[in-house]
Amino acid sequence: MSYSTRCKAFLDMHHQDRAFVMPNAWDAGSARILSAMGFAALATTSAGYAFSAGKRDSFETLTRTEIIANARDIVAATGLPVSGDLEDGFGAAPEACAETIRQAVAAGLVGGSIEDATGNADDPIFDALHAADRIAAAASINPDFVLTARAENHIWGRPDLDDTIRRLQAYAEAGAQVLYAPGLPDLDAIRTVCAAVDRPVNVVMGLSGPRQSVDALSQAGVRRISVGGSFARAALGALRRAAQEVQEHGTFDYALDALPDAEVAALMSQDKRRHRD
């Protein structure tokens with residue numbers, strides 16, 4: 001299947017009557033497990049990858065090279081379309097966002113998201129016109145790439161729904177094919193955003209704040225649901241609970257909930273190396 005055909009198939013998923021769930025894998029192993037669960041597409045997660053590398057999830061700790069290499073590993077591990085968490089585009093300039101999309105396409109990603117957050121707590125959100133220019137530059141690289149534009153107001157202490165909607169509308173005009181405003185406070189706000197834009201809307205679940213069902217989000221107009229780093233944190237939570245049981249009780253009952261070794265082995269790559277040096 002050609003790259004453009006894979007991108008179109010991914011975009012078509014956003015134009016169904018019901019939202020689809022696109023879980024976020026943080027490495028090749030989690031991508032293989034999620035692929036076997038029957039999901040239609042996967043996303044990467046900068047947070048999940050950062051945790052697996054022993055780092056905080058922030059602009060200062062992850063490089064574009066690391067994020068693209070992680071995405072390439074996930075793409076290689078699954079036959080599903082993969083959308084990349086491309087953070088802020090790895091630079092303030094529109095040209096930096098464009099270069100990030102070039103590398104994302106080369107890595108096999110069929111889509112990816114660019115945020116309008118600056119990473120600067122004193123001035124957390126890019127000026128709206130500049131943010132739209134960044135989206136336009138990203139959208140210019142490959143017309144098949146399914147670009148998601150993220151308006152970050154609500155997770156950076158700026159709960160201005162009107163401004164968020166204006167930004168999403170501007171990003172759609174600049175070429176974004178999917179829109180995303182993480183941190184919306186409730187289902188009414190989600191419904192308002194979906195009604196105000198003419199592109200499919202992604203919502204993240206599993207983080208802090210209200211937790212809505214797929215049915216409720218679909219009825220509100222959402223067409224894609226991601227989980228951010230929450231699956232990765234759930235896995236880390238299971239690790240800590242297992243360790244606490246051993247440390248505090250001297251028992252190993254956690255193993256009853258662990259995936260059987262044979263089942264995990266069957267899901268992983270069966271390729272064998274001819275040389276192991």
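**View A. Arg18 and its salt bridge to Asp215.** Arg18 is partly exposed in this predicted model, with a relative accessible area of 43%. Its side chain meets that of Asp215 in a salt bridge, at 2.4 Å from N to O. The two ends come from distant parts of the chain: Arg18 sits in the loop between helix 1 (3-13) and strand 1 (20-22), while Asp215 belongs to helix 9 (residues 214-220), 197 residues apart. Asp215 is partly exposed too, and its relative accessible area comes to 40%.

**View B. Arg167 paired with Asp116.** Here the closest N and O atoms of the salt bridge between Arg167 and Asp116 are 3.3 Å apart. Arg167 is part of helix 7, and Asp116 is in the loop between strand 5 (111-115) and helix 6 (128-139), so this pair ties together parts that lie 51 residues apart in sequence. Are the two partners buried or exposed? Arg167 has 4% relative accessibility, which is under 20%, so Arg167 counts as buried. Asp116, at 1%, counts as buried as well.

View C. The side chains of Arg199 and Asp198 form a salt bridge, 2.9 Å from N to O. Arg199 is partly exposed, its relative accessible area being 29%. Asp198, on the other hand, is exposed, with a value of 59%. Zooming out from this pair, there is also a network: Asp116, Arg158, Asp163, Arg166 and Arg167 are joined into one by salt bridges that share partners. The count for the model comes to 12 salt bridges.

**View D. Helix 7 packed with helix 8.** Helix 7 covers residues 161-174 and helix 8 covers residues 187-196. How do they pack, in terms of angle and distance between axes? The angle is about 35°, and the axes are 10 Å apart. The crossing of these helices is right-handed. On the helix 7 side, the contact is made by Leu161, Ile165, Leu168 and Gln169, and on the helix 8 side by Ala189, Thr192, Val193 and Ala196. Sorted by type, the contact residues give 6 nonpolar and 2 polar, with no charged ones.

Technical notes
Residues numbered from 1 in each chain as written. Predicted model: local features only at pLDDT ≥ 70, side-chain atom pairs only at ≥ 80, totals over all residues. Heavy atoms only, no water. Axes fitted to C-alpha atoms, helices over the stretch in contact; angles between N-to-C directions. Helix = DSSP H or I, 4+ residues; strand = E, 2+ residues; numbered from the N terminus. Left-handed = near helix turned anticlockwise from the far one by under 90°. Contact = heavy atoms within 4.5 Å. Nonpolar A, V, L, I, M, F, W, Y, C, P; charged D, E, K, R; others polar. Salt bridge = Lys/Arg side-chain N within 4 Å of Asp/Glu carboxyl O. Buried < 20%, exposed > 50% of the residue type's maximum accessible area, 1.4 Å probe, protein only.
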